[in-house]
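Here is a short briefing to read with the structure open beside you.

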Amino acid sequence: SRMGKKGGGPHVMWTEFVSADGLASRGRDVLLRDLAFSEVERPIVAQLFTSNPENMKFAAKLVAKLGYDGIDINMGCPDKSIEKQGAGAAMIKNPELAQKVIQAAQQGALEYAQENGTKPIPVSVKTRVGYNKVELERWIPQILSLNVAALTIHARTRKEMSLVPANWEY
């Protein structure tokens, strides 16, 4: 959100999106630099992507441990290298797997909270209105059925990228 709060800063900050697969690998130290933040950036949300539920659960626990205020799962990125992994906008084509990834993030946040006597950090999702065509009735209820904390919708399909104006009627 870029709407200013008292003092002129944004209400919430998001990280660049980070690979949950990378965070679950031995190479995580490089990615941890991308997740460094300072207290003035609060509230801050870690934006993650993956098509692997186990890696998402691990990453969710890790970002909770790092002190993030929330997790946002990017299910809208049209980048070919992200989609090749089955992540980003490719999740729109595989709603069952998308649900498993969301549930894994929620479970990781819950387990960390239970282990540490804290409240689970919220999990939100960013996505698009569809892949090649508008699929709001099929796609969006599947995300909302999991009680995500927030849903951000890029009001274009993956095919439209950002080449056409957003359709605010959606």
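Predicted model: local features only at pLDDT ≥ 70, side-chain atom pairs only at ≥ 80, totals over all residues.

- As background, nonpolar side chains tend to be buried together in soluble globular proteins.

**Ala60, a buried spot in helix 3**

- Ala60 sits in helix 3, and its relative accessibility of 0% is under the 20% cut-off, so Ala60 counts as buried.
- Beyond its neighbours within four places in sequence, Ala60 is in contact with Ile71, Ala105, Gly108 and Ala109.
- Ala60 and Ala46 are 14 residues apart along the chain, and their C-alpha atoms are separated by 9.0 Å.

**Overall fold**

- The protein has six helices and five strands, and from the N terminus on they run β-α-α-β-α-β-α-α-β-α-β.
- The radius of gyration of the protein is 16 Å, close to the 15 Å that the globule rule gives for 170 residues, so the protein is as compact as a globular protein of that length.
- Along its principal axes, the C-alpha trace spans about 45 × 40 × 30 Å.
- If we take contacts with a separation of 6 or more, 71% of them join residues 24 or more positions apart.

**Surface and charge**

- Of the 170 residues, 44% count as buried.
- The accessible surface comes to about 9300 Å², and carbon and sulfur atoms account for 53% of it.
- There are 22 positive and 18 negative side chains, and the centres of these two sets lie 1 Å apart.

**Backbone spots to look at**

- Which peptide bond is cis? The bond from Arg42 to Pro43 is cis, with omega near -10 degrees.
- Pro43 lies in the loop between helix 2 (28-34) and strand 2, and with a relative accessibility of 33% it counts as partly exposed, because that value falls between the 20% and 50% cut-offs.
- From Pro43 to Phe17 the distance is 16 Å, C-alpha to C-alpha, and the two are 26 residues apart in sequence.
- Asn147 has a positive phi of about 55 degrees although it is not a glycine.
- Is Asn147 buried or exposed? Asn147 has a relative accessible area of 67%, which is over the 50% cut-off, so this residue is exposed; its place is the loop between helix 6 and strand 5 (151-157).
- Met161 is another residue other than glycine with a positive phi, here near 50 degrees.
- Met161 is found in the segment after strand 5, and this residue is partly exposed, with a relative accessible area of 28%.

Terms used:
Residues numbered from 1 in each chain as written. Heavy atoms only, no water. Helix = DSSP H or I, 4+ residues; strand = E, 2+ residues; numbered from the N terminus. Rg over C-alpha atoms; globule rule 2.2 N^0.38 Å. Buried < 20%, exposed > 50% of the residue type's maximum accessible area, 1.4 Å probe, protein only. Contact = heavy atoms within 4.5 Å. Areas by Shrake-Rupley, 256 points an atom, 1.4 Å probe, with all protein chains shown as cover. Lys, Arg positive; Asp, Glu negative; His and termini not counted. Charge placed at Lys NZ, Arg CZ, Asp CG, Glu CD.
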